[in-house]
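Dear colleague,

I am handing over the structure we discussed, and I would be glad if you could look through it alongside the notes below.

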Amino acid sequence: MATPISQPSDAGSALIRFLLPFGLPLFFIGLIFYLHTNGRADTMLIAWHPPPALHRYPIDQQGLKEVIDYHQIQPAFARRPLSTFLFNSGTRYLHWPEGSSFVYLNFFYLFLSGFLLFFLAQHGTNKRSDALLSQFIFYSGFSVLFAFFKTNYTYDEPLMYVLLFAAFLLQKQKHLLPAILCFFGAAWCRESVYLLLPFFLWETYQYASGKKMRGLVLTTALALPLMHMLLLAFIKPDLYQGVAITELKSRLTLIQFNTQDVLFTRESIASCFLIL
């Protein structure tokens, strides 16, 4: 009598399937950290010395402290206080050096953003493979893979990714008011998030149930930019004086440049739709 061939256990494959959404972000976080600390490139994280002194360098505590301090006094950055507040909180309450707080929190945000992206993509496609592919594409993008190279100077973006992915995930789960708050937080990290506001409003409106709920959601979401401005005026009133006005005018010249003629205007509008 033939001996039945034993089938491979499903336990191992199930464990791998369970661990992959964690493992892929961890792999990329390790890779990103290595790329920024192996001494082969000048990055924000280390006190760099050119080759042939190729070895792992300690975190540049003084340099990162200066980055955090600069983001508290330069108006273009000081109006985005969330990341700075959390970095300073890590130093104040957990007694981390400023540079270590910057590194620990930003790398945690990068891990968490990939994890949230997996569930967001899976919610949209119902395919685990597509969700893992979304993670891979996200982490292999230039602005993430080389986030802290001195050509990018990443600061607020990791927290922005977390809040933005959380906003859309909560929206898909019909937790609409928390979703709006997360979207507001993401916009407070980077104002460019408001480019997604029309799409976010439309999707949120579709998920809202009942006329009163839709009215509440729409009113709250439309009030986000105004709330943003009022909070900044309350927390940092000096931002609307002196150098901040000059900086704002310089930003407005970019709008003028991007709409200087029909061709530029058409390309600018098309770019907005590509983002959406």
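The notes that follow go from the whole protein to two of its residues.

This is a predicted model, in which local features need pLDDT of at least 70 and side-chain atom pairs count only at pLDDT 80 or more, while totals for chains, interfaces and linings use all residues. Residues are numbered from 1 along each chain as its sequence is written, and side-chain values use heavy atoms, with hydrogens and water left out.

The protein has 14 helices and zero strands, where helices (H or I, at least four residues) and strands (E, at least two) are DSSP runs numbered from the N terminus. Buried residues, meaning those under 20% relative accessible area with a 1.4 Å probe and protein chains only, make up 39% of the 276 residues. Of the contacts (heavy atoms within 4.5 Å) between residues at least 6 apart in sequence, 60% join residues at least 24 apart.

His-71 lies in helix H2, residues 61–73, and is buried, with a relative accessible area of 9%. A polar atom of the His-71 side chain lies 2.8 Å from the backbone oxygen of Val-67. Leaving aside neighbours within four places in sequence, His-71 is in contact with Phe-77, Ala-78, Thr-84 and Tyr-155.

Thr-84, in helix H4 (residues 81–94), is also buried, at a relative accessible area of 6%. With neighbours within four places in sequence again left aside, Thr-84 is in contact with Ile-68, His-71, Gln-72 and Tyr-155. Thr-84 and Cys-189 are 105 residues apart in sequence and 10.0 Å apart in space, C-alpha to C-alpha.

Definitions and conventions:
Buried < 20%, exposed > 50% of the residue type's maximum accessible area, 1.4 Å probe, protein only. Polar contact = N/O pair within 3.5 Å; in protein donor to acceptor, adjacent residues only side chain to side chain.
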